[in-house]
Amino acid sequence: MPEPDHETLLRRAIAEARKAREAGHHPFAAILVGPDGEVLMTQHNAFLPDHDMTGHAERVLMTRASTTYPRELLATCTIYTSAEPCAMCAGAIYWTGLKRVVFGMTEKALKQITGDHPENPTLDLPCRIVFEAGQRKVEVIGPMLEAEAAAVHTGAWG
């Protein structure tokens, strides 16, 4: 099976983050992609309407995926996300059993953009460190298209 087009799929996740922002939500999104490159699920940030601090796009997507698809399929899937998964989201990805993560901007870059915004107290902890603490490998590709991913956040955290 050919390798998926990571740039095209990551751009789709970044476009979804832009849609989330246009809808009045935090500018984050993630997509779940099957082994054949088909987008299985899309998720925007879910902080609103209930002010759920755990409503990160990746975490919500992993909850949906793990209750929808069998583990055998999830073990062949990739999550594409506009920003590097935080420690909470990396944990959710690990527990869901995904094969791979592809992300846009790093947590470090995100922290520089968001500063100390109360709705996004960014954890500058690379997802690779979280995955390395686990008992199985999760492939990580990123940062990729970091300037494109960061552009969605311009002016959002002022």
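Predicted model: local features only at pLDDT ≥ 70, side-chain atom pairs only at ≥ 80, totals over all residues.
Residues are numbered from 1 along each chain as its sequence is written, and side-chain values use heavy atoms, with hydrogens and water left out.

Now step back into α4 itself. Seven of its ten residues are buried, meaning under 20% relative accessible area, with exposed over 50% and partly exposed in between (1.4 Å probe, protein chains only). The buried ones are C89, A90, G91, A92, I93, Y94 and T96. Their cover includes α2 (57-66), α3 (71-74), β3 (78-83), β4 (100-105) and α6 (127-132), counting heavy atoms within 4.5 Å as contact.

From there, have a look at the nonpolar packing. A nonpolar core is a set of buried Ala, Val, Leu, Ile, Met, Phe, Trp, Tyr and Cys residues joined through side-chain atoms within 4.5 Å. The largest one has 21 residues, and L32, M62, I79, L98 and F131 have the most contacts inside it. At least two residues each come from β1 (29-33), α2, α4, β4 and α6. Take M62: leaving aside residues up to four places away in sequence, M62 touches L32, I79, A92, I93, T96 and L98. Another core, of 20 residues, lies apart from this one, with I14, A17, I31 and A149 among them.

Strand β3 holds S82, which counts as buried because its relative accessibility is 3%. Beyond four places away in sequence, S82 touches A13, I14, A17, P27, F28, A29, G104, M105 and A149.

Next comes α5 (107-114). Its buried residues are E107, A109, L110 and T114. They span an arc of only 155° around the axis, so they sit on the same side of α5; the arc is that of the directions from the helix axis to the C-beta atoms. What covers them includes β4 and α7 (146-151). Just past this helix, G115 has a positive phi of about 60°.

Technical notes. Helix = DSSP H or I, 4+ residues; strand = E, 2+ residues; numbered from the N terminus.
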